[in-house]
Amino acid sequence: MAADGRGQATVNFRLRDWLVSRQRYWGCPIPVIHCEACGIVPVPDEDLPVRLPDDISFDQPGNPLDRHPTWQHAPCPRCAKPARRETDTFDTFVDSSWYFARFCTPRSTSAVEKDALDYWLPVDQYIGGVEHAILHLLYSRFFTRAMSKTGHAGLDEPFAGLFTQGMVCHESYRSSDGRWLYPEEIERRDGGAVVEIATGKQVTVGRREVMSKSKKNVVAPGAIIDQFGADVARWFMLSDSPPERDLEWSEAGVDGAWRFCQRLYRMVDGAQGGLPPYGAPAPAAFAEPATALRRAVHKAIAGVTEDVEKLHFNRAVARIYELANAVSGFKAETPADAWVLREGLETLARLIGPMMPHLAEELWSKLGAKELIAATPWPEADPALARDDVVVIAVQVMGKLRGTVEVARGTADEAVKTAALALPNVVRAVDGKPIRKVVVVRDKIVNVVV
């Protein structure tokens with residue numbers, strides 16, 4: 001429309017002034033002093049930081065700093081007359097919007113050092129909930145632009161990559177008199193009835209929604225850790241859904257994660273006596289079943305490595321489940337088999353390390369290692385073993401997909417061409433027309449030109 005003279009593009013900003021002061025104790029003190037003679041006077045640098053009082057009382061509503069008998073009284077830095085400290089504190093976003101810059105030189109006497117910022121920043125990967133895109137992320141960008149303008153930093157954008165994670169959801173529960181109830185305050189009885197434990201009265205079960213303190217549909221981490229351990233809680237949360245999507249908290253899912261942890265422990269504990277020593281050299285040759293397990297091991301290493309790098313944690317968990325099934329179904333009948341079984345168990349311990357560090361270290365110790373998994377390099381896949389022996393090749397006719405063929409990797413072009421032209425959908429698409437050319441890209445694609 002602009003080209004036709006009928007309109008003009010514009011950008012609308014819905015930004016408002018940011019009120020950074022808060023009437024509360026928890027926050028960074030605003031370093032100014034109010035003097036009747038001099039007005040608003042900054043606290044001198046040598047008197048910074050202004051420290052909050054420890055003997056504070058929260059027995060009344062409102063800002064407790066206004067009621068402190070001594071803290072708010074201070075001499076004016078200019079005229080030395082009695083004056084009053086600012087009792088408002090900064091919004092916590094004022095501090096959290098530039099903490100990453102301070103982390104570059106945390107022990108420096110200066111707030112930031114430009115050389116360090118230029119070396120360390122931008123942050124490679126920012127991970128946060130959806131609410132961060134509106135507040136923390138926006139304010140952080142404002143602060144970085146300001147530091148760039150004032151010469152404190154040499155960049156405009158603080159974060160190189162952004163990943164927005166989903167929220168954790170749970171059912172909500174409401175008592176017969178309208179009170180919100182915690183999950184531990186309700187009981188499910190035979191027949192599907194849900195009642196309040198304290199009163200025995202019927203409870204209204206709400207939909208699954210984002211956990212919130214106001215609706216009490218939260219699961220206390222301490223209770224989960226006390227019952228199952230921190231590893232189980234992490235494993236369930238990583239396995240249930242992609243991290244960018246909301247997670248529906250499920251007691252059944254936690255139980256499943258717990259059972260898998262127990263299974264891994266039993267696999268390692270039960271195999272200890274029949275394994276070669278830790279660090280034993282690899283045998284010269286392996287039987288076909290052992291080679292098949294080694295392929296599964298190295299495919300898992302390659303797949304989990306790629307999934308973790310791309311933050312596809314639930315897919316990484318699924319691959320570890322598959323590897324556990326392959327290892328548990330393997331019967332070691334020779335010394336070479338036992339070496340492969342050890343390789344599989346060690347790989348399982350190392351792959352779960354970032355997700356279940358406590359269990360991983362316990363399994364690693366049981367397998368005879370002296371160092372911590374956390375101190376060992378991440379496993380590397382053998383490309384020859386991680387590669388699939390069978391490939392699926394797409395078959396196109398005039399650029400449109402008409403089917404696929406499965407062939408052994410490296411199959412000769414002529415054999416792939418013959419298999420592709422025999423596909424019923426390809427025969428129908430060609431419809432008796434003369435074939436001018438068949439382009440075969442080995443192990444990838446076949447294109448038929450008519």
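Buried means under 20% relative accessible area, exposed means over 50%, and partly exposed is in between, with a 1.4 Å probe and protein chains only.

A word on the basis. This is a predicted model, where local features need pLDDT of at least 70 and side-chain atom pairs count only at pLDDT 80 or more, while totals for chains, interfaces and linings use all residues. Residues are numbered from 1 along each chain as its sequence is written, and side-chain values use heavy atoms, leaving out hydrogens and water.

Helices (H or I, at least four residues) and strands (E, at least two) are DSSP runs, numbered from the N terminus.

Back to helix 4. Just after helix 4, Gly-151 takes a positive phi of about 85 degrees.

Next, a helix pair. Helix 7 (residues 251–271) packs with helix 10 (residues 335–351) at an angle of about 145 degrees, and their axes are 11 Å apart. Axes are lines fitted to C-alpha atoms, for helices over the stretch in contact, and angles run from 0 to 180 degrees between N-to-C directions. From helix 7 come Leu-264, Met-267, Val-268 and Ala-271; they meet Leu-341, Leu-345 and Leu-348 of helix 10.

Now the backbone. Most residues other than glycine have a negative phi, and most peptide bonds are trans. Leu-48 and Pro-49 are joined by a cis peptide bond, with omega about 0 degrees. Pro-49 is in the loop between strand 3 (39–42) and strand 4 (73–75). Leu-121 to Pro-122 is also cis, with omega near 5 degrees. Pro-122 falls in the loop between helix 3 (114–120) and strand 7.

Leu-311 is at about 65 degrees, in the loop between helix 8 (288–309) and helix 9 (313–328). Met-398 is at about 55 degrees, in the loop between strand 17 (390–397) and strand 18 (400–408).

Which of these is buried, and which is partly exposed? Leu-311 is buried, at 15% relative accessible area. Met-398 is partly exposed, at 47%.

Notes. Contact means heavy atoms within 4.5 Å.
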